[in-house]
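Hi,

Here is the structure I said I would pass on.

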Amino acid sequence: MVEALAKIPDVEIDADGTFKYILVRVKVKDGSLGKDIVRGTKSAQYHNHIFDKISPEMEALGLECECLGGGKIEHNSQDKKMRVFGESTAFGKADHSVSAEKLKPVFSGYEITWADDKK
């Protein structure tokens, strides 16, 4: 199970644009070992669409997941800037500071900011 957890990328988001995202805690079933991951895509009309896609994928690996909240990511790959903000009606607001810290190693060289406002 630990190997399965290690293979899950910390971040999977769209290459550009403004889109919904969720912060998800993935952990070994009936265990305490886990990690937080960020998932976001323009194809999701609602935050729960993202969760509904990854939850069965994690279960197939023998893992369970819990959505910690959501928001939006504004990803400008040309200017190497990213902004994390907003909230999810279904899941509430993610801790954007945690999400931003998850993004930084994956998008080194980017200016990554976050805000607790809704816009």
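The largest nonpolar core has 16 residues, and Ile-8, Ile-22, Val-24, Val-26 and Leu-63 have the most contacts inside it. By nonpolar core I mean a set of buried Ala, Val, Leu, Ile, Met, Phe, Trp, Tyr and Cys residues joined through side-chain atoms within 4.5 Å. Two or more residues of this core come from each of α1 (2-7), β2, α2 (47-60) and β4 (63-76). Apart from it there is another core of 15 residues, including Phe-19, Tyr-21, Val-38 and Phe-107. Helices (H or I, at least four residues) and strands (E, at least two) are DSSP runs, numbered from the N terminus.

Before you go further: this is a predicted model, where local features need pLDDT of at least 70 and side-chain atom pairs count only at pLDDT 80 or more, while totals for chains, interfaces and linings use all residues. Residues are numbered from 1 along each chain as its sequence is written, and side-chain values use heavy atoms, with hydrogens and water left out.

Back to Val-24: leaving aside neighbours within four places in sequence, its contacts (heavy atoms within 4.5 Å) include Phe-51, Ile-54, Cys-65 and Cys-67.

(Buried is under 20% relative accessible area, exposed over 50%, partly exposed in between, with a 1.4 Å probe and protein chains only.) A search of the whole structure finds zero disulfides, taken as pairs of cysteine sulfur atoms within 2.5 Å.

Next, Lys-20. UniProt lists Lys-20 under "binding site" in an unreviewed entry; the position is in the numbering used here, the feature name is shortened, and such annotations may be inferred rather than shown by experiment. Lys-20 sits in strand β2 (residues 17-28) and counts as partly exposed because its relative accessibility is 21%. Beyond four places in sequence, Lys-20 touches Arg-39, Gly-40, Thr-41 and Lys-72, among others.

Finally, strands β5 (residues 81-85) and β6 (residues 111-114) run parallel and are joined by four bridges; strands pair if DSSP finds at least two bridges between them. Lys-81 stands opposite Glu-111 in β6. From β5 the chain passes through helix α3 (residues 96-106) to β6 in a right-handed β-α-β crossover, meaning that with the strands pointing away from the viewer, the path from the first strand over the helix to the second runs clockwise.

Cheers
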